[in-house]
Structure formats: structure tokens, C-alpha cells
Amino acid sequence: GGPMFLEFATYRWREHCGPNFDNTLGYRTEKEFATWKAKCPIDRYVKCGLNDGWLSPADIERWTNEIDSEFAAAIEFAKSSPWPEASTMIENVYAEGKGTDRARRAA
């Protein structure tokens with residue numbers, strides 16, 4: 001074990017705006033979806049680590065619990081946070097500065 005370089009080529013499995021699958025919309029085939037699902041970088045990383053012995057089932061369980069806790073905390077934070085003011089609706093939507101569409105429109 002020394003340093004590692006990890007590259008994850010990813011593919012969006014679910015819809016852009018929610019937790020559901022959207023394969024029925026027709027912009028990709030089930031074959032394409034299955035091909036990319038088989039390339040899941042997380043599954044491949046886990047399999048490699050378990051096979052090579054630098055990852056244990058206990059590591060995976062610990063990480064899963066940590067991630068689940070982090071998600072639960074983020075969801076609770078979001079639910080307990082106040083709604084933003086309507087006047088802030090378009091803040092941080094467009095890039096600021098020279099060369100941006102917004103800067104060119106203002107000129």
C-alpha cells in the first residue's frame with residue numbers, strides 16, 4: 001500500500017430530478033443501461049479491494065453506516081431549515097464576471 005489514483009467514469013442511472021429510474025423515456029436502451037451498471041465504479045472498487053485483501057467486509061459496513069448517517073443528517077438539516085426568501089431565487093445561478101453571458105447582456 002502506497003498512494004493510489006482512482007478514476008471513476010460514471011453514468012447517471014436515475015432521473016435528473018428524483019430517485020426513480022427513467023429508462024422508459026426512450027433516450028437510452030436497456031442494453032446501454034445494463035452495460036453501464038455493470039461498470040459501476042463503486043462495485044468494481046469494492047470487488048477489487050476484497051479480492052486483493054486491502055478491504056474487508058467490516059470496512060464496507062463501517063463506510064455504509066457513516067454514509068447513511070451523513071445522508072440522514074443532511075436530510076434532517078434540509079427539513080428543519082427555513083425556506084429561502086423568494087428574492088434569492090436566482091442567486092448563484094449564473095456565473096459572474098467578464099466573458100459570461102450575464103456580463104455581456106449587462107454591457
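This is a predicted model: local features need pLDDT of at least 70, side-chain atom pairs count only at pLDDT 80 or more; totals for chains, interfaces and linings use all residues.
The protein is helical, with four helices and zero strands. From the N terminus, the elements run α-α-α-α. Of the 107 residues, 9% count as buried.

Four salt bridges are present in the structure. One of them pairs the side chains of Arg-12 and Asp-22, at 3.3 Å from N to O. Both residues lie in the segment before H1, so the bridge ties together parts that are 10 residues apart in sequence. Arg-12 is partly exposed, with a relative accessible area of 29%. Asp-22 has a relative accessibility of 7% and therefore counts as buried, the cut-off being under 20%. Asp-22 also meets the side chain of Arg-28 in a salt bridge, at 2.8 Å from N to O. In this pair, both Arg-28 and Asp-22 are buried.

A further salt bridge joins Arg-62 to Glu-66, with the closest N and O atoms 3.6 Å apart. These residues are four positions apart in helix H3, so about one helical turn separates them. Arg-62 is partly exposed, at 41% relative accessible area. Glu-66 is likewise partly exposed, at 45%. Through shared partners, salt bridges join Arg-12, Asp-22 and Arg-28 into one network.

The largest pocket holds about 340 Å³ of space. Its lining comprises 16 residues, and those nearest the centre are Cys-40, Pro-41, Ile-42, Asp-43 and Val-46. Helix H2 (41–52) and helix H3 (57–80) each supply at least two residues of this lining. H2 gives the most, with five. By class, the lining of the largest pocket divides into 12 nonpolar, two polar and two charged residues.

The second largest pocket has a volume of about 210 Å³. It is lined by 13 residues, with Glu-7, Phe-8, Pro-41, Arg-44 and Tyr-45 closest to its centre. Here too H2 gives the most to the lining, with four residues. This lining has 10 nonpolar and three charged residues, but no polar ones.

A nonpolar patch lies on the surface. Met-4, Leu-6, Phe-8 and Trp-54 form this patch, with about 400 Å² of accessible area together. Met-4 sits in the segment before helix H1 (30–38). At a relative accessible area of 53%, Met-4 is exposed.

Definitions and conventions
Residues are numbered from 1 along each chain as its sequence is written. Side-chain values use heavy atoms; hydrogens and water are left out. Patches are made of residues with over 30% relative accessible area and no salt bridge: like charges are joined within 9 Å, nonpolar side chains (Val, Leu, Ile, Met, Phe, Trp, Tyr) within 5 Å. Accessible areas come from the Shrake-Rupley method with a 1.4 Å probe; for residues, only the protein chains shown count as cover. Buried means under 20% relative accessible area, exposed over 50%, partly exposed in between (1.4 Å probe, protein chains only). On a 1 Å grid over the protein atoms alone, a cavity is a set of points where a 1.4 Å probe fits but cannot get out, and a pocket is an open set with protein on both sides within 12 Å along at least five of seven lines; lining residues have an atom within 4 Å of a point. Grid points are joined across faces, edges and corners, and a volume is the space filled by probe spheres set on the points. Ala, Val, Leu, Ile, Met, Phe, Trp, Tyr, Cys and Pro count as nonpolar, Asp, Glu, Lys and Arg as charged, and the others, Gly among them, as polar.
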